[in-house]
Amino acid sequence: MAEEKLNVHLIDHPLIQHKLTLMRQKTTGTKDFRELLEEISMLMAYEITRNFPLKDVEIETPVAKCKGKMLAGKKVGVVPILRAGLGMLGGVVNMIPAARVGHVGLYRDPETLKPVEYYCKLPSDVAERMLIVVDPMLATGGSSSAALTLLKEKGAKSITLMCLVAAPEGIRLVNEEHPDVPIYVAAVDDHLNEKGYIVPGLGDAGDRIFGTL
């Protein structure tokens, strides 16, 4: 059987892989976990923005006039999926300080196991922005896919999904339901266990970020 081809971009920079390994360790405390996540998010944002369009500008240095490059095209919006996505927000905004920030809140219905929206606040010009949706874990893919659907319903036309660790099952679902959305991750792990946790993963990212273990 041919190997399945998943539509995902792996950012395997050595610094990212080193920091992710530190995050995975169960002995890593809340403070270090939170700081490492923000650092990785900043490094991932650097890679994701690599192909942003540029325009020529003319400036004057203290020595002479010259031509330079500045960002062109659509403005950027960052949308963390609550609550764990908040842990990635600071790193991305550090790289793109002018980005507007939206929030999407979802929870899993205990009976249907389907994601349910409880909060959504977005920039008014969401249709004109390149949105970077952030969530540390792409497990089943249900919440991420639901968030992407919601953003499209609100008018978003350009979306990228950025996650720290993903399971093949989650990537597959997002690929099927949102083939137009590129996925960027720092690691693709082996599988989901019977409780829906990524294996080997790093545990519950939200609990580890906020110290609610």
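**Core, annotated site and salt bridges**

At 8% relative accessibility, Asp189 counts as buried, where buried means under 20% relative accessible area, exposed over 50% and partly exposed in between, computed with a 1.4 Å probe on protein chains only. The model is a predicted one, in which local features need pLDDT of at least 70 and side-chain atom pairs count only at pLDDT 80 or more, while totals for chains, interfaces and linings use all residues. Residues are numbered from 1 along each chain as its sequence is written, and side-chain values use heavy atoms, with hydrogens and water left out.

Asp189 forms a salt bridge with Arg24, the closest N and O atoms being 2.8 Å apart; a salt bridge here is a side-chain nitrogen of Lys or Arg within 4 Å of a carboxyl oxygen of Asp or Glu. Because Asp189 lies in the loop between β11 and β12 (191–192) and Arg24 in helix α1, the pair ties together parts that are 165 residues apart in sequence. Helices (H or I, at least four residues) and strands (E, at least two) are DSSP runs, numbered from the N terminus. Arg24 itself is partly exposed, with a relative accessible area of 24%.

The structure holds eight salt bridges, and another of them joins the side chains of Glu39 and Lys19 (2.8 Å, N to O). This pair links helix α2, where Glu39 lies, with helix α1, which holds Lys19, across 20 residues.

The largest nonpolar core has 37 residues, of which Leu20, Met23, Val92, Ile132, Met162, Leu164 and Leu202 touch the most other members. Such a core is a set of buried Ala, Val, Leu, Ile, Met, Phe, Trp, Tyr and Cys residues joined through side-chain atoms within 4.5 Å. Helix α2 gives this core its largest share, seven residues. Beyond its neighbours within four places in sequence, Ile132 is in contact (heavy atoms within 4.5 Å) with residues including Ile48, Val79, Val92 and Met162.

UniProt, in an unreviewed entry, places the feature "binding site" at Ile198, Gly203, Asp204 and Ala205; such annotations may be inferred rather than shown by experiment. Within this site, Asp204 sits in the loop between β13 (198–199) and α6 and is partly exposed, with a relative accessible area of 29%. Not counting residues up to four places away in sequence, Asp204 touches Arg83 and Tyr197. Ala205, by contrast, lies in helix α6 and is buried, at a relative accessible area of 4%. Leaving aside its neighbours within four places in sequence, Ala205 is in contact with Phe33, Ala84, Pro136 and Met137.
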